[in-house]
Amino acid sequence: MNRLLIILALALTASACAHRDNYVLLPDSTGQAGTLNVKPVEGGKPIKLDQPYQAASSTLGGGFEEGTSSEQDVKKRYAAALDASPPPVARFTLYFLEGSDELTPASKRDLEAIMAEITARPAPDIVVVGHTDRVGTVADNDRLAKRRAESFKKRLQERGLADDAIQTAGRGEREPLIETPDETAEPRNRRVEILVR
Amino acid sequence: MFRTGKHIRVRIHLGSVAFGLASMFSATVFAAEAAPQAGNIWGAQIKVSRGVVSIERDGQRYPGLVGARLKEKDVIQTGGNGSVGVMFNDNSTLSLGPDAEVILQRYAYDSTTYMGAFDAYIKRGTVSVQAGNIAKQAPDAMRMVTPKAELSGTAKNYVVSVGE
């Protein structure tokens, strides 16, 4: 019995000592990794990771060393955390008639697909983001964008969705789908994006 | 600009005064204490929850069930068999493996400009991080801090493992 306890204690100590911090940069859905700057709290040299599966591991001296992990390593070591990732956001885009918050006929039909996605999720929350084209001022477009989002929110509430499950945002003309010069009417930029999350 | 009738135009004009005041006010609040946007104190929601998951808020402990909302200063903890996936307002996500603890030190997000501040302290455990709109707008505005290092950058996905 005693011997078992000693072995157990040794094993626990060994695993605690062996555990070092490990940070691994992963590729995104397009294969790009971006950069991850690792700045040691105790001072010391920062590490910049910029390749998929490039890693930083803490050393006993309090600093970090650079290394390489792999898809298999990450899947094994981080299995539980990765597996608990929220399902990806489902995105829909609906279009408006010029200067109004009235949907185009085709977009009215897309509403059914959105409702299906919402009911398929256990705890759905919806973000409605309104966008405009570049006709008018930035401030006017911020308001029009928000109005489009609010008007769509009402439509979802009529379908039985709770008020606090829907957030609205107006991005105005900041994020055009199609780049245009200012004061250009562009139907594809007059839209709401629906994020079902 | 000729896009609306006279009635609507008048209403928009009146509305714009109110909106202008409101946005000035919220901009001041944002700068002073980085409070979450007015009207939405919640910064995140639990989307996946397995095993024992709990939320500590103002010294109280709550079960971390699917659908539970989270805000700044909340502490997320998982037990030995637990894991949890959290979605933030800016589409960032954090998911935690077993025996993990993460403190949401700061979360502020403006859904119009995508400006914000997101600081989380990963005290222990494994965490998978997906950056959202806050980091897309300003990479340094999202920071994951561990006892040993501070992480930030343009990365969209990375994983973090912190020992005891």
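Residues are numbered from 1 along each chain as its sequence is written, and chains are lettered from A in the order in which they are written.

Over residues 12–17 of chain A, however, the pLDDT is below 50. Where pLDDT is low, the predicted coordinates should not be read in detail.

The secondary structure of chain A comprises 5 helices and 9 strands, where helices (H or I, at least four residues) and strands (E, at least two) are DSSP runs, numbered from the N terminus. The C-alpha atoms of chain A fill a box of roughly 75 × 40 × 25 Å, taken along the principal axes.

Turning to the other chain, the contact takes 48 residues from chain B and 48 residues from chain A, two residues being in contact if their C-beta atoms, placed from the backbone, lie within 7 Å. On the side of chain B that touches chain A, β12(B) gives the most, with 6 residues. Strand β1 (residues 22–26) of chain A and β12(B) pair in the antiparallel sense over 5 bridges, pairing being assigned if DSSP finds at least two bridges between two strands. Within these strands, L26(A) stands opposite N157(B) in β12(B).

How values were computed
This is a predicted model: local features need pLDDT of at least 70, side-chain atom pairs count only at pLDDT 80 or more; totals for chains, interfaces and linings use all residues. pLDDT is the predictor's confidence in each residue, from 0 to 100.
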